[in-house]
Amino acid sequence: MTGLLGTRGSSSIAGHGRRVAHPARDQGRAAVSAGYPGRVHTSGPRILVVDDEAALAKVVASYLEREGFEVALAHDGPTAVALARRTDPVLVVLDLMLPGFDGIEVCRQLRTFSDAYVLMLTARGDEVDKVIGLSVGADDYVVKPFGPRELVARVRAMLRRPRSGTAAEAPRRIGGLVVDPVSRTVSVDDAPVALTRTEFDVLLALSDRPSAALSRRQIIDEVWGPNWFGDEHIVDVHIRALRRKLGDDAAAPRFVRTVRGVGYAMEATG
């Protein structure tokens, strides 16, 4: 099966974040989820696939299993969080539209106990979905419908990203901003700032060359890797989240400035 995945019937979704109830089908899904299906490989990296469309989730799982991953499935929000706690996946493929509670809430709860990569699936190309998902801790997104090979390639690209800084690196100080690559911590005027892993990686890429203007593609190559493909404006979404958390103002930047026609750079004065 190599066609596009994620095209739903009209009865599956009703409005933003809402789904028409199907009691009998939901009861069956809950039973399947509780049974922790999809575990085939026991030696590869563990991935949790969360989608309320059981058939789609199984196809995604089969492609990942062929690539040597161990896969767990969940079809609703509460089960997804419980399985993530139990199985400690390295990556979560997460649909936004879920019964119980939606993928946004799953991501919020996940970030309280896990640093797993989160690849968000959305049935809409709407910017709001992407902004909300990335702002609560998702690392990347794929818009439905998508090709299974595209999804596998995106998963592999994410898992190639480095998970920590080099031990020899000293903290980087730009005015009142301190970025520590070793502890992966950030502070502004001595106050700690909580960032998602991807937000930190974007800030790390910019602070690595504070006098240089980096294009979106350069930032993507540093953070997501040179094999990443998709909408390069994902960088803009993370920059907006960074500025908000750092207390920065795009109109009068203290830390991250926009370089028109190029991309972004660190503000040298801080």
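## Aromatic rings and charges

Rings of Phe, Tyr and Trp (its six-membered ring) pair if their centres lie within 6.5 Å, with planes under 30 degrees apart counted as stacked, over 60 as edge-to-face and the rest as tilted. By that rule, this predicted model has 0 aromatic pairs.

Charges over rings are another matter, and here a charge sits over a ring if NZ of Lys or CZ of Arg is within 6 Å of the ring centre and within 35 degrees of the ring normal. The charged end of arginine 66 lies over the ring of tyrosine 63, 4.6 Å from its centre. Arginine 85 places its charged end over the ring of phenylalanine 113, 4.0 Å from the centre.

## How the model is read

Residues are numbered from 1 along each chain as its sequence is written, and side-chain values use heavy atoms, with hydrogens and water left out. As the model is predicted, local features need pLDDT of at least 70 and side-chain atom pairs count only at pLDDT 80 or more, while totals for chains, interfaces and linings use all residues.

## The chain and its cores

Let's take the chain as a whole. Its secondary structure comes to 9 helices and 12 strands, taken as DSSP runs numbered from the N terminus (helices H or I, at least four residues; strands E, at least two). Of the 270 residues, 50% count as buried, meaning under 20% relative accessible area, with exposed over 50% and partly exposed in between (1.4 Å probe, protein chains only). Counting contacts (heavy atoms within 4.5 Å) between residues at least 6 apart in sequence, 61% join residues at least 24 apart.

A nonpolar core is a set of buried Ala, Val, Leu, Ile, Met, Phe, Trp, Tyr and Cys residues joined through side-chain atoms within 4.5 Å. The largest one holds 51 residues, and Leu177, Leu206 and Leu246 have the most contacts inside it. Leaving aside residues up to four places away in sequence, the residues that leucine 177 touches include Val188, Leu246, Phe255 and Met266. A second, separate core of 23 residues includes Val60, Val71, Leu73 and Leu121.

## Asp95

UniProt, in an unreviewed entry, lists Asp95 for "modified residue: 4-aspartylphosphate"; such positions follow the numbering used here, feature names are shortened, and annotations may be inferred rather than shown by experiment. Aspartate 95 belongs to strand β3 (residues 91-95) and is buried, with a relative accessible area of 1%.

## A three-stranded sheet

An open, antiparallel sheet has the order β10-β12-β11, where strands pair if DSSP finds at least two bridges between them. β10 (214-215) and β11 (256-259) each have a single partner strand, so one side of each is left without a neighbour in the sheet. β10 is joined to β12 (residues 263-266) by 2 bridges, and leucine 214 stands opposite tyrosine 264 in β12.
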